[in-house]
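Me: I would like to learn how to read a structure like this one. Please go through it feature by feature.

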Amino acid sequence: MTMKIKFHHIILVILLAATGCKKDNYDAPAQKFSGRLIYNGEAINLEYNQVPFEIYQPGFGKVGPINGTFDQEGNFSTLLFNGNYKFTIPPNQGPFRWKEISAGKRDTLAVTISGAQNMDIEVQPYYMLRNVSITAAAGKVTGVFDIEKIITDADAKNIERVSLYINKTQFVSGADQIAVTDLAGSAILSPNNISMSVDIPAISPTQNYVFARVGIKIDGVEDMIFSPLTKITY
Amino acid sequence: MKKIFLITIVAGLFITESCRKDSDFLDVPPKQVLPTELAFSDPALVLSILGDLYNRTVDFSGLDNGWASFVDFSEAFPSENGSYFFVQRTGWGFGEWSSWDYTYIRDLNLFIQRATAATKLADADKKRFIAEARFLRANYYFELVKRMGGVPLITEPLEYDYSGNVTSLQKPRAKESEIYDFVISEAEAIKGDLPNDVNTKSRATTGAALAMEARAALYAGSIAKYGVTTPQVSLPGNEVGIPSALAAGYYTKALTAAQVIITQTAGSYQLYRVLPDLSDNFAAVFLDKSTVNQEAIFIEDFKANAGKTHGFTTNDQPFSISDEGLDAGRLNPSLNLVEAFEKLDNTYAPIPTKDASGNPIYYTNQLDIFAGRDARLAGTVLLPNGLFKGKRTDVWAGYQLADGSILTSNDAGNLKPLPGTTTPVQVTGKDGVINGQEFRTQTGFYIRKYLDPTVGSGRRGRGSDVAFIRYRYAEVLLNAAEAAFELGQTGIAIGYINQVRARAGLVTPLTAGDLTFDRIVHERRVELAFEGHTLFDMKRWRLAHVVWDGNQMSVTDLVSNIGNARKRNTQPYGLWPYKYYNPGSPNNNKWLFKEVLPSPVTGANRFQLGNYYSQIGNDILSANPLIVKQPNQ
């Protein structure tokens with residue numbers, strides 16, 4: 001057997017290679033759909049990756065959502081094709097109220113994507129943290145804040161606890177913290193001028209700053225609502 | 001002449017062959033496949049079909065689906081580089097633990113249909129086979145309802161008519177209570193057709209059917225009772241959630257079914273009390289497969305050198321006593337679990353590492369720190385310096401020096417001289433503990449439950465044939481105790497729970513006044529550790545989102561509130577032994593212990609409300625529009 005490569009073999013291979021790369025796949029989705037959760041223009045702060053959203057595109061065979069989650073500041077973003085979509089948040093997710101058509105059936109927002117799009121999602125949280133000031137002194141982080149009850153109708157819920165978390169990175173929540181102080185909801189006598197403090201533990205390697213947030217755990221609601229992230233240098 | 005003869009012969013052959021009817025020629029019975037009538041004509045053949053159905057039983061934890069099925073929920077730590085995700089993730093996906101094997105259900109339904117139609121089987125055989133298949137079907141529906149809530153209840157093999165219209169095959173989800181009712185009624189229906197034999201363990205018996213019934217009714221009762229604490233975990237059609245009015249009825253059924261076993265009507269089941277050392281005795285419950293063991297009710301059996309073995313011992317044996325070189329030590333029970341074992345005076349106390357003023361307590365022998373505890377501790381967990389296959393494990397994290405610093409190395413073989421000396425010595429244990437060193441314990445503990453002391457059982461080639469016990473008498477007692485307690489019959493409950501405790505060396509009986517819900521939760525945790533109950537118990541009590549709340553655990557969390565059912569349990573801690581080096585001190589060469597969070601543990605378990613019932617896949621939802629989605633997902 002000879003190993004002589006014939007010229008037309010080379011042509012054939014080149015032809016195959018040249019045609020094989022084309023058009024056998026769709027382009028990846030490229031239109032960026034992003035936004036954030038807001039209440040009266042203010043961002044709703046959450047724990048990252050804990051509050052999911054779902055985007056449905058009706059009319060394409062099987063029914064199934066495109067899933068995503070909000071980040072710590074309540075932002076979301078996803079890449080989509082141009083087309084018509086429906087946006088919703090699954091039942092009992094998030095520290096806010098989402099309109100339901102009937103029990104367990106959630107309302108959806110119609111979204112038309114043609115090119116990059118930014119859309120803020122207006123929701124009504126159960127509570128908001130107001131006038132938050134977090135400071136550090138003498139090895140302690142102290143947070144002073146007010147709590148405003150937003151939903152006061154039949155859906156109103158009580159506060160289970162309020163927590164002040166600190167962490168050495170900018171992810172601050174129950175799962176990402178180096179120290180925490182809890183205040184039971186029953187111990188809150190006035191919603192104004194609540195003060196909490198937590199000791200800063202030894203951090204290795206040492207750093208002269210921590211990140212802090214105050215979070216409210218609402219009775220019967222899984223996800224907490226937080227104050228904006230504060231970096232405290234001491 | 002010869003040619004004519006040949007032609008005649010050939011022509012003759014053609015004619016005789018071609019005269020046969022087409023159907024005779026074409027309809028050849030298959031040689032590789034047994035037709036249904038033939039397969040269901042001989043009990044041995046039917047048993048082989050049934051054997052396959054038994055093998056397909058779905059368990060949450062099982063010895064043949066690996067050590068990893070035992071390691072989750074902060075009850076243990078995975079000492080294997082590829083498996084740290086267990087302790088690094090912050091929770092579980094909604095799809096975790098889902099099961100939807102309607103192929104298995106169809107095969108069971110077909111088996112029941114064909115066995116019922118069989119004409120050549122003896123009546124007694126036929127009855128038993130059908131009852132066994134119904135047992136397996138009920139058992140799988142029980143497994144489904146535990147994970148998914150109400151599922152479509154299919155009890156006949158469905159046939160597709162190729163019409164292009166599949167609506168007749170699309171069934172909605174039954175109510176959660178209806179699936180539990182089905183499991184209970186099937187158990188009641190078949191218990192008389194199954195053998196009443198304490199020595200039949202790998203096939204269904206009356207005892208197995210009743211044990212399944214008791215457990216199922218108990219689960220349904222507690223979902224009805226405790227479901228009210230999480231009203232979000234329900235669906236309007238009750239596909240998920242059971243009305244609380246049904247609780248008492250289910251608890252009564254659970255107690256009645258368990259009492260049939262306890263009164264020995266279903267066979268002479270009893271607690272295993274054979275060996276004088278109570279810890280050895282508890283470990284032997286899982287190892288002894290002889291007729292002496294009348295505690296096991298229904299098991300998944302294995303047989304060495306016969307093709308059905310598992311690698312549990314290979315995966316989990318102590319590193320220095322391993323039969324298989326570097327294969328060892330993956331499943332490390334956590335200190336969280338070890339702390340839960342109470343003292344012999346029925347009180348809870350943390351493992352004493354420090355005295356009242358915060359100074360370390362020094363122990364002459366490593367095992368001394370665990371003295372005076374529930375015998376099940378040493379029967380479930382292989383403690384530091386514990387005995388396995390005639391050898392003691394060598395577990396310690398380094399030398400604690402007088403100046404407070406620690407002398408250790410990255411491997412037991414890496415020797416270092418002690419201060420003031422020049423001879424290098426071993427400064428860490430051969431079996432651990434070193435952060436991040438796989439196959440050796442990183443919590444200070446090895447598993448003892450199921451660990452096979454037979455020679456060669458730790459080799460990959462031979463494997464172990466220790467059985468996995470699916471139902472055992474001690475659990476029946478605890479089920480009965482819980483059902484009686486929930487019905488307000490505390491006196492009866494206390495009698496059952498004390499039997500289980502006495503076997504573990506807790507001979508001071510609890511009084512009716514001592515018995516609380518937390519006691520029952522605690523007793524199940526320590527008795528049934530690593531038997532696949534943790535998740536489902538926590539789910540049915542609606543405690544899962546409380547104990548696995550996604551917050552990190554501190555040492556204070558770890559050592560306080562022991563015995564509290566709502567205690568946080570999100571990260572597996574370890575207890576690391578150190579040797580004290582301070583020549584001149586009376587404590588020189590004694591042991592001290594520290595609670596340590598192994599460094600690979602970075603996540604904290606968060607059980608979301610959407611985890612209570614596993615996700616039904618989008619492929620299933622879009623194939624059958626009648627299926628409703630799970631709540632909170």
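This is a predicted model: local features need pLDDT of at least 70, side-chain atom pairs count only at pLDDT 80 or more; totals for chains, interfaces and linings use all residues.

Me: Which helices and strands does chain A have, by number?

Reply: Chain A has one helix and 21 strands.

Me: What is the radius of gyration of chain A, and what would a compact globule of 234 residues have?

Reply: Chain A has 25 Å, whereas a compact globule of 234 residues would have a radius near 17 Å. Along its principal axes, the C-alpha trace of chain A spans about 90 × 50 × 30 Å. As for burial, 29% of the 234 residues of chain A count as buried.

Me: How do I read a sheet? What is the order of the open sheet of three strands in chain A?

Reply: The order is 14-15-18, and the pairing is antiparallel. Strand 14 (127-137) and strand 18 (194-199) of chain A are at the edges with a single partner strand each, so one side of each has no neighbour in the sheet. On average, neighbouring strands of this sheet are turned by 20° against each other, direction ignored.

Me: How many bridges join strand 14 of chain A to strand 15 of chain A?

Reply: Nine bridges join these antiparallel strands, and strand 15 covers residues 140-149. Thr135(A) stands opposite Thr142(A), which is in strand 15 of chain A.

Me: What is the order of the open sheet of four strands in chain A?

Reply: That order is 4-3-6-10, again with antiparallel pairing. Here strand 4 (66-69) and strand 10 (109-113) of chain A stand at the edges; each has a single partner strand, so one side of each is left without a neighbour in the sheet. Strand 3 (residues 52-56) of chain A is joined to strand 4 of chain A by four bridges, and the two run antiparallel. In strand 4 of chain A, Asn67(A) is the bridge partner of Glu54(A).

Me: Is helix 9 of chain B largely enclosed or left open by the rest of the structure?

Reply: A general point comes before the case: an α-helix has 3.6 residues a turn, so residues three or four places apart point the same way. Helix 9 (residues 206-226) of chain B has 21 residues and reaches 30 Å from its first C-alpha to its last, close to the 30 Å expected. Of those 21 residues, 20 are buried, so helix 9 of chain B is largely enclosed by the rest of the structure.

Me: How many residues does the contact take from chain A and from chain B?

Reply: It takes 13 residues from chain A and 17 residues from chain B. On the side of chain A that touches chain B, five residues are nonpolar, six polar and two charged.

Notes: Residues are numbered from 1 along each chain as its sequence is written. Chains are lettered from A and ligands numbered from 1 in the order in which they are written. The radius of gyration is taken over C-alpha atoms; the globule rule is 2.2 Å times the number of residues to the power 0.38. A residue is buried if 20 or more other C-beta atoms lie within 10 Å of its own, exposed if 12 or fewer, and partly exposed in between; C-beta atoms are placed from the backbone. The expected span of a helix is 1.5 Å times one less than its number of residues. Two residues are in contact if their C-beta atoms, placed from the backbone, lie within 7 Å. Ala, Val, Leu, Ile, Met, Phe, Trp, Tyr, Cys and Pro count as nonpolar, Asp, Glu, Lys and Arg as charged, and the others, Gly among them, as polar. Two strands pair if DSSP finds at least two bridges between them. Axes are lines fitted to C-alpha atoms, for helices over the stretch in contact, and angles run from 0 to 180 degrees between N-to-C directions.
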